[in-house]
Amino acid sequence: MKTRVLVAVLAVSFAQACTLRLPGLVIGAGSTTSSARSTSAASPLSTDDGPTLDPAAAKEAADIDARAKRLQALAVVSKQPTFTADDSYSLEKVAQAFAKVDPAQVVVLTKKSWARWTPAPGVDVESKRYKGDFLCKDSPLAPFGGGYLREESGFGSIRLEHDLCRRVESEPIDYSHLPEGTAGVIWSAEVEKRNARDVRSKLVFVTLDGGRYEMEEVHWEPSLFDQKRPAAFPKDSVHAFLGRYELEKLGGVGDAGAKAAAQKLETIKKTWDACMSPVLDKEEAEYAQNAATSVTLSQRDGKNALTAKKFAKLREETCGAHKVKYSQTIAASLTERQSVRMKLLAENQARLAKTP
């Protein structure tokens, strides 16, 4: 009997001695309750991906959350749920949204900011073309920043592509940034929260003339936007060029004008291809003859240079009219689109002028 009592006493003593205390949790002595000390230090913003935030860090995380929520609250798709993020591609939908936009939603860029001009789905205008540091000239697309029409060979065909250029000598077109003071609205804001202290807002920003840009705001840098009346209004669109590829993409999301222009361009391109085919066949045959009748490599190269010069002229004389028509069709589409954008800008300017 004494042996049993002694064993029981020793067991209780051992259990008390082995009680393990961890911050916020007591393990041992049959307890799994949180300690009072841990409960008082816990933060409502604690996340599963890291330790409990101290009060200063918790406040910072709360401020970061509030900043992201502010951007979302300003967004057109939040204020007008009938619109979607993709509606920002449509000038018609943009005009409808601006007619109902609260002037308090208008924001102004506080500094020259990175902004990817994305006028059509899946399109980065700058990356698809050669960006020349030359003055636009001899092209109906010069007012929009489109240069000469280049014949780009590849995969058994020749593609017609307009390069990008300067509209005026002193002002190169920067397709990666928007200038300080640019005004518009946040169309949509997608918040990416990597953890409580790393929050990024991926934004669609639409300027007062309907230009569509994709931007990112990160919490560790000052906000890109101020909610205030614009100090000045643009006289022209910062970016206006669209090629056949962009027009096709816009036509695919319901832009009737872009779709019609893209279809017309396809017809012109097929006519140009048909015109070019026999000319290219003759050119290829002459290169083959040069190779067969040349004794040395330098002799063949000399003949080829003459052939290239001759057929470049022949291609222009025979089929160049189709290329001119191609450029003129794009120019007509962009002229009409620019007219819509300038009308939208004037309407927005008038609305803001009425705001006290």
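You are looking at a predicted model, where local features need pLDDT of at least 70, side-chain atom pairs count only at pLDDT 80 or more, and totals for chains, interfaces and linings use all residues. Residues are numbered from 1 along each chain as its sequence is written, and side-chain values use heavy atoms, with hydrogens and water left out.

The chain holds eight helices and 13 strands; helices (H or I, at least four residues) and strands (E, at least two) are DSSP runs, numbered from the N terminus. Of its 356 residues, 38% count as buried, meaning under 20% relative accessible area with a 1.4 Å probe, protein chains only.

Next, select residues 212–218, which form strand 12. Is this strand largely enclosed or open? Five of its seven residues are buried, so strand 12 is largely enclosed by the rest of the structure.

Which strands pair with it? Find L203, which stands opposite M215 in strand 12. Then go to the hairpin of these two strands, where four residues lie between them and G210 takes a positive phi near 90 degrees.

Finally, select residues 116–117, strand 5, which runs antiparallel to strand 12 and is joined to it by two bridges. Here W117 stands opposite Y213 in strand 12.

Note on methods: Buried < 20%, exposed > 50% of the residue type's maximum accessible area, 1.4 Å probe, protein only. Pairing = 2+ DSSP bridges.
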